[in-house]
Number of protein chains: 2
Amino acid sequence: MKSNLAPTADLSAQIAANIRDAIVSGALIVDERLPSEAELSLKFDVSRATVREALKRLAAQSLIRTQRGATGGAFVNRISFEAAQAQQITTSTLLLSMNDVSFETACEARYALERACAPLSAERRKQHHINAMRDEIKVQGEADLTDEAFCASDVAFHRALVDGAGNPVLSYQLAGAVEAMQPLMNMITFTARSRDAIIALHITIADAIEAKDGAAASAGLTALETETQALARRVFAQRSGNSDHV
Amino acid sequence: MKSNLAPTADLSAQIAANIRDAIVSGALIVDERLPSEAELSLKFDVSRATVREALKRLAAQSLIRTQRGATGGAFVNRISFEAAQAQQITTSTLLLSMNDVSFETACEARYALERACAPLSAERRKQHHINAMRDEIKVQGEADLTDEAFCASDVAFHRALVDGAGNPVLSYQLAGAVEAMQPLMNMITFTARSRDAIIALHITIADAIEAKDGAAASAGLTALETETQALARRVFAQRSGNSDHV
DNA sequence: TGAAAAAGTAATGTCAGACATTTAAAGTTT
DNA sequence: AAACTTTAAATGTCTGACATTACTTTTTCA
């Protein structure tokens, strides 16, 4: 009953796949202790070093955690939204930067996903979500803000919007998508004028969410997408014109 | 300039974080070869075994690949949409199953995200997307289909819908969300009557996409979500009533 | 008696060195 | 020039040892 995958892969990869299957299938449950490294090396008939490499692979995916000491060992990890999100962000960020995904494509995906949250957020947002959005809008208006700080505040604004939907699965998915785009967003120079336009739309969106008007919020997001795409086009056009200065 | 994270973590985790940062920041570019294990063990002043554990961690995240032989070594991996998706599915599936995420919450997130694709898909879908949807609808009508096969066809249908948007980033995000829900969907028993209702809505949606009517497609998805949620409530209510039979 | 200190123990973390295997390149022979 | 052989460099694996950690048990002594 060997794994049908990767019959020629490394032993450590095979063992990791074996244990991973046991976790995913539910044969190993959360907080259950795996056999010790010595026992696993007997069971799989490999050295302890090989077992350890397999366990490190699983640890990298947050599938297990290890504890030292007499009662220590490897335990099936209850993966948290936070940990899952961190991994997704790393993966998505690299995916975008390594595969020549255009700003346009990534931006479109991001706003499409955000629009999915808008009606739910308009319906369910709590006051603290509104407050968070207003706070970020205020930050975005500060004169001496760097582009990076502006982007970070932008992410925080949108995060509050998404969290307003009160659906942790949605928040998890969206946070990954939004944060993964940040490196791309950071390539953009935000002039005072373009910041004003973005802030105005943020106010429109926050107002719509506060008024529980999902359609207006969606429309605001569409306008924001249009504005962002136009801004990006201007920046990239200027760059390619001055490419010898880079 | 050590990593500000995890000063007390394992050496192999620290080294993995160090190299990961170099990849994410772009200091190491795609297909670039890392120093050999022996060189890394000198550079970080640890044993080769520790270096190997660090490299296995990175390999588990598809950040590097290794090749044996004279010109072999560890190379920065160009992470593919496919690999990223596979990882995301594993992570999301576990996240949902381990954290007692209700069917309702997951289902809501899934359909919200899909509605985000509907307008784009209606606008841009090619004929082969329509054909794929029609094919799956036909499969779903087969009388002797198991619940698992019905679910699998359902996923394929929705995947064609999402792919119709022609945005790989969107497809990647959505495929993860939809596939991660499959174990939850598989818990449901699809009676002949409920299958008919679902198929009818699939036809409505496919028609709307073919007619390039995004609003109608969104409405169809909303109706499908309502139907699915109602079905799930019926199944779970019946289960809890007969819980002694389990 | 009871609490603090010490010893025991079982697990992971790390190291050193060896050998096996794979792969490409260099060298040799025909 | 083509085919074969050798070499070299890298990863893959094994063995055994020691270090470190943290819980458990025992001992000590007030």
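A residue is counted as near a strand when its C-beta atom, placed from the backbone, lies within 6 Å of that strand. The model is predicted.

**Exercise 1. Characterise the protein surface near DNA strand C.**

Solution. Step 1: by the 6 Å criterion, 22 residues lie around DNA strand C, and B:L11, B:V46, B:T50, B:G69 and B:A70 come nearest. Step 2: assign the surface to elements. Those giving two or more residues are α2 (37-43) and β2 (73-76) of chain A, together with α1 (11-25) and α3 (48-60) of chain B. Step 3: sort the residues by class. The surface near DNA strand C divides into 7 nonpolar, 10 polar and 5 charged residues.

**Exercise 2. Carry out the corresponding analysis for DNA strand D.**

Solution. Step 1: DNA strand D is surrounded by 23 residues, of which A:L11, A:V46, A:S47, A:T50 and A:G69 are the closest. Step 2: two or more residues come from each of α1 (11-25) and α3 (48-60) of chain A, and from each of α2 (37-43) and β2 of chain B. The element that gives the most is α3(A), with 3 residues. Step 3: by class, this surface holds 7 nonpolar, 10 polar and 6 charged residues.

**Exercise 3. Describe how chain A and chain B meet, and determine how the two copies are related.**

Solution. Step 1: the contact takes 40 residues from chain A and 40 residues from chain B. On the side of chain B that touches chain A, the elements giving two or more residues are α1, α3, α4 (81-98), α5 (103-124) and α8 (168-180) of chain B. This side of chain B divides into 23 nonpolar, 10 polar and 7 charged residues. Step 2: superpose the chains. Chain B is brought onto chain A by a rotation of 180° with 0.1 Å of shift along its axis, at an RMSD of 0.1 Å. The two copies are therefore related as by a two-fold rotation axis. Step 3: compare the interface residues. Since 100% of the interface residues of chain B are also interface residues in chain A, the copies meet through the same surface.

**Exercise 4. Work out the pairing of β1 and β2 in each chain.**

Solution. Step 1: in chain B, strand β1 (residues 64-67) runs antiparallel to strand β2 (residues 73-76), and 4 bridges join them. B:I64 stands opposite B:V76, and B:T66 has B:A74 as its bridge partner. Step 2: these strands form a hairpin with 5 residues between them, and B:G69 in the turn has a positive phi of about 100°. Step 3: in chain A, 4 bridges join strand β1 (residues 64-67) to β2(A), again antiparallel. A:I64 is partnered there by A:V76. The hairpin in chain A has 5 residues between the strands, and A:G69 takes a positive phi near 95°.

Notes. Residues numbered from 1 in each chain as written. Chains lettered and ligands numbered in written order. Predicted model: local features only at pLDDT ≥ 70, side-chain atom pairs only at ≥ 80, totals over all residues. Nonpolar A, V, L, I, M, F, W, Y, C, P; charged D, E, K, R; others polar. Contact = placed C-beta atoms within 7 Å. Pairing = 2+ DSSP bridges. Least-squares fit on C-alpha atoms with pLDDT ≥ 70 in both.
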